[in-house]
Amino acid sequence: MHLQVSWRNVWRNPKRTGIILTAIIIGAWTMLAFGALSRGMMTSTLSNALNTLTGHIQIQHPAFRDDPVIDNRLTAPARVADVLEQHLPGNAAFAFRIQVNGVASNARNSESITIVGIDPAKEAGLSFYGDNTAQGKLLAPGDYRGIVVGQALLDSFETKIGRKLVLMTRDATLETASKAFKIRGTFRAEMEATEKQFVFITLDAAQSFLKAGTGVTSACIKLPEETTMDLEALAKTAKALARELPEGTAVLTWVDLLPLLKGYLSMFDSFMLLWYLVVFVAMAFGLTNTMLMAVLERTREFGLLKALGMKPSWIIRNVLLECLILLAIGLAAGNILGFATVQALSGGIDMSFMAEGSEFFGIGHLVIPYITLKDLLSVNAVIMGLGVLVCLYPAVKAGRITPVEAMSHT
Amino acid sequence: MELLMAWRNVWRNPRRTILTILAIAFACILLVFMLSLQIGMYEVMINTAVKTRTGHMQVLADGYNQDHKIRKVISDPEAVARILDDTPHITGYTFRANGFALLSSDQRTYGGLITGVDPVSEPRISNIKSIIRKGRFLSPSDTNSAVIGSLLAKRLKIDLGDELVVLGSARDGAIAATVLTVAGIFSSGMDDYDRSAIQIPLAHFQEVFAMEGTVHEAVITCDSLWNVGSAQTAISKAVAGLEQKRRLTCLSWDELTPGLVQSIQMDLGGGLIFYGILLIMVAFSIMNTFLMAVFERTREFGTLMAIGARPGRLTTMLVYESAFLTLCGIGLGIGAGCLLTLWAQHAGIPMGDAEGMLRQYGIPGLIRPKLTLATALAGPAVVFLITMLTALYPAVKVHRIIPVDAMRAA
Amino acid sequence: MEHTPNHMVEIIDVSKTYTQGKLEVHALAGISLALDRGEFTALAGPSGSGKTTLLNLIGGLDSPSCGRIVLDGKEVTGLSQSRLADMRLNKIGFVFQAYNIIPVLSARENVEYVMLMQGVPAKERTDRARAILDEVGLANMHDRRPAELSGGQQQRVAVARAIVSRPAIVLADEPTANLDSATGQGLLEMMAKMNEKRGVTFIFSTHDKMVMEYARRIVRLKDGLVSDDTTK
């Protein structure tokens with residue numbers, strides 16, 4: 001009954017209701033759509049960073065992070081492997097790597113690069129390696145002389161597949177090690193900087209090149225995709241591993257490994273909340289004003305109802321109910337539009353028209369917007385909760401109308 | 001009289017008017033503040049890039065900017081210097097040469113980018129002297145002294161007075177080797193730069209890398225960013241006419257760092273979309289006010305038409321009303337927006353978690369907006385346009401009022 | 001009925017039909033009427049007899065379904081909206097039952113506004129407004145807003161506004177209906193004076209006995225037709 005009366009009151013002035021509904025719908029819709037787009041960008045940035053040899057969790061020698069040299073290596077990876085195999089969830093993957101800085105040179109150029117020794121069988125799927133081969137082929141297990149470089153690096157060294165590239169670094173005995181490798185293939189990465197930074201050789205080749213025995217510098221663990229943003233679960237997994245692993249190992253999550261990125265993402269989060277509030281405030285002025293008009297033009301009616309014995313609290317309740325109906329319709333339509341937009345863009349948005357700009361921010365070329373439950377809830381909660389709050393003003397105003405002043409009102 | 005009527009009409013319903021004015025003011029405040037903030041940030045980003053690395057312009061051998069190959073040199077710097085001395089708006093210039101080399105301390109080896117700089121003219125162009133955290137900058141009497149990035153120093157485990165062995169390839173393809181003594185350690189805040197950069201006297205660089213008096217870059221500063229364009233054209237024309245082994249070009253800061261410009265465009269583009277949505281929200285928020293102002297006065301308009309007012313006269317009056325309302329809101333918005341911006345400009349806005357990330361773009365811990373005439377007025381001008389457009393709809397609709405019906409209404 | 005230029009208003013076989021929902025309402029069913037210059041005429045009849053419709057048609061606020069209306073020798077039927085507006089501005093003064101004066105303007109400003117639209121110079125406007133307000137008996141209330149005036153006073157402002165533009169005819173739709181009888185009588189006396197002194201043609205619609213006493217000609221309407229036409 002109340003609902004029915006309120007419903008009719010809402011549609012007494014369809015034009016006015018239509019306008020304010022449009023405002024609420026656009027508000028909810030853009031909040032959701034832009035929330036989804038921002039999430040997409042964040043995820044793209046993050047997965048880009050994690051794919052660039054970070055992974056979700058790394059197990060390293062405690063000193064390696066500050067001083068990434070071969071001296072600071074894990075000397076007994078077999079024990080680490082045992083622990084990981086036992087304690088990681090079944091859908092997680094891991095691989096050992098040797099990762100040190102060095103110099104690549106040929107007759108044409110020499111550049112500072114990062115030498116990455118990988119297990120060819122396990123590395124694919126763990127990082128961008130193997131995702132996108134531009135030319136030639138990837139490393140075969142047991143290949144002691146092959147190297148895979150980025151396409152951009154190949155271009156800047158003015159060389160091609162099959163040619164030699166000399167790597168130089170300091171080995172475990174503190175001597176300068178230098179060896180020529182044969183370029184087997186090139187990879188493409190989201191960012192040119194990545195293509196220029198990393199060169200891949202096999203783990204076996206790296207171990208012998210650096211005289212590192214069976215040692216590795218890190219174990220890189222990749223958990224299922226959906227746990228990426230679940231920082232609590234991540235920390236829990238890391239802690240559990242740390243308990244089991246032998247002395248002399250450090251367990252680092254991507255939050256430890258990429259503190260800057262973490263800060264950036266949390267800034268993004270608070271920026272989004274701020275954005276929700278700003279859009280809401282713009283909407284709130286209209287909502288309050290419309291409800292105020294709706295209430296004031298019914299002064300006589302409220303006066304009459306009061307004269308008939310209706311309590312102020314009932315009047316307030318009725319006005320709030322009208323407001324609630326407006327908000328509910330607006331939110332429903334806004335949510336549908338929001339989801340439809342995200343669905344329409346589910347193929348991803350190609351950012352390559354801004355390649356250098358997005359590379360500057362570390363965003364990948366393809367951004368796929370998506371809506372998280374948290375965003376959905378916060379958008380609806382902000383609009384619904386604060387919406388009812390601002391409607392309190394006209395509602396209380398209506399509750400205070402006295403029969404006498406109502407009758408003198410023309 | 002119309003103006004007077006409009007003014008009085010605006011204040012017939014003070015509550016509604018104030019809410020509408022606040023909505024308009026809110027949009028203006030936000031736009032003034034955000035635009036100032038963005039412009040302020042861009043300016044700092046550009047200035048940092050200009051001051052630490054690029055200068056306002058550089059004269060380079062054609063193609064050097066793409067791959068930084070050591071052989072692409074300016075063979076006769078003196079000739080370039082003569083041109084620069086004669087070009088207006090130029091406030092200073094210095095020559096640099098860059099080479100990649102393997103840097104070894106007692107314990108560690110890393111690749112780094114060695115830049116030969118002129119100890120006298122370099123501090124006039126860049127901020128290197130002010131970012132020295134330990135020790136001192138190079139002096140004209142230095143030969144094999146170096147200033148080195150703080151992160152590189154940490155990685156190499158060296159400090160002031162320690163020795164550093166340099167091994168690279170010289171311009172002629174021979175081995176370039178020297179031993180440097182650390183005279184100073186600098187920190188720009190940008191990790192990538194601090195992790196790889198090292199500066200030595202230009203003369204020593206030319207000797208070690210067999211440069212034979214040649215350089216790679218002439219780094220130029222201008223009296224203002226606005227004069228870069230004209231100075232660049234003049235220099236380009238002049239250097240193109242020089243008899244040099246390689247064709248020379250003159251690039252401006254934005255061409256030297258395309259990522260920076262694109263990232264600014266991206267940020268600005270994203271901002272503009274946000275502002276667009278905000279404005280749409282505000283437009284819908286206040287449209288009801290304008291619409292109601294017409295509909296609740298239908299009877300009055302009917303009377304005015306009955307006593308002989310043409311519809312155009314009513315439209316004029318309504319436009320005056322909206323203009324008053326809008327101007328009040330905009331005036332208030334600009335005032336409050338400027339105050340808020342000036343306060344933030346004075347106090348600075350802490351960025352919390354994101355500080356580390358922003359530092360990489362050359363933005364220091366506190367963000368300061370920068371209020372200019374353009375940032376103070378551009379947003380409100382658009383708000384004015386949008387609100388007037390919104391108001392036009394009811395103002396034109398008044399034409400459709402038929403006096404008889406209008407008088408019967410209410 | 002012959003066509004003589006001496007007639008102020010000529011209504012020739014005018015009918016007006018409204019549609020209310022699916023119902024057709026014949027407000028006027030073919031009326032012919034001529035009113036002379038300087039007349040003080042009352043249109044009488046029960047509500048729904050077509051009085052107000054007839055006034056609206058004469059004033060160009062509404063257009064007839066068929067028939068013609070000639071005002072001061074000029075055909076009114078079929079004029080454009082802005083022509084009609086000009087005609088109302090210069091030839092017709094309106095007085096409404098519900099006063100309908102502009103709430104945001106003072107008494108003097110209400111009166112001046114019409115002259116402003118006519119393009120009367122500012123000085124003359126003020127002088128004429130003061131004079132007419134004094135004449136309608138609002139000598140001390142020039143600067144009051146409608147909210148500060150009683151109903152009778154507001155209606156006097158409306159009469160002043162209607163007359164000040166020097167119209168050929170003043171149309172008053174139930175001008176006394178919202179006033180008590182003493183106030184209504186005062187207003188009527190004032191209007192009768194205006195009629196005598198200035199020769200302004202007045203047409204009222206009314207069902208007020210008192211108004212009919214003042215009128216010199218009473219046209220009675222019934223069901224959209226003239227049932228009686230008496231000149232005293």
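This is a predicted model: local features need pLDDT of at least 70, side-chain atom pairs count only at pLDDT 80 or more; totals for chains, interfaces and linings use all residues.
Visitor: Which chains have the most contacts between them?
Guide: Of the two pairs of chains that touch, chains A and B have the most contacts, where two residues are in contact if their C-beta atoms, placed from the backbone, lie within 7 Å.

Visitor: And how many residues does each of those two chains bring?
Guide: Chain A brings 49 residues and chain B brings 50 residues. On the side of chain A that touches chain B, H10(A) gives the most, with 19 residues; helices here are DSSP runs of H or I with at least four residues, strands are runs of E with at least two, and both are numbered from the N terminus.

Visitor: What classes of residue are on that side of chain A?
Guide: The side of chain A that touches chain B has 23 nonpolar, 19 polar and seven charged residues, with Ala, Val, Leu, Ile, Met, Phe, Trp, Tyr, Cys and Pro counted as nonpolar, Asp, Glu, Lys and Arg as charged, and the others, Gly among them, as polar.

Visitor: What about chains B and C?
Guide: That contact takes 16 residues from chain B and 21 residues from chain C, and on the chain B side the largest share, four residues, comes from H12(B).

Visitor: How far apart are the closest C-alpha atoms of chains A and C?
Guide: They lie 12 Å apart, and no contact joins chain A and chain C.

Visitor: Switching topic, how is chain A divided?
Guide: Chain A has domain 1 (2–49 + 262–408) and domain 2 (57–222), with bounds that come from an automatic or database domain assignment. The centres of these two domains, taken over C-alpha atoms, are separated by 51 Å.

Visitor: Is B:Leu113 buried or exposed, and why?
Guide: B:Leu113 counts as buried because it has 20 C-beta neighbours inside 10 Å, and the cut-offs are 20 or more other C-beta atoms within 10 Å for buried, 12 or fewer for exposed, and partly exposed in between.

Visitor: Where is it, and what does it touch?
Guide: B:Leu113 lies in strand E3 (residues 109–117) of chain B, and, leaving aside neighbours within four places in sequence, B:Leu113 is in contact with B:Asn98, B:Phe100, B:Ser196 and B:Ala197.

Notes:
Residues are numbered from 1 along each chain as its sequence is written. Chains are lettered from A and ligands numbered from 1 in the order in which they are written.
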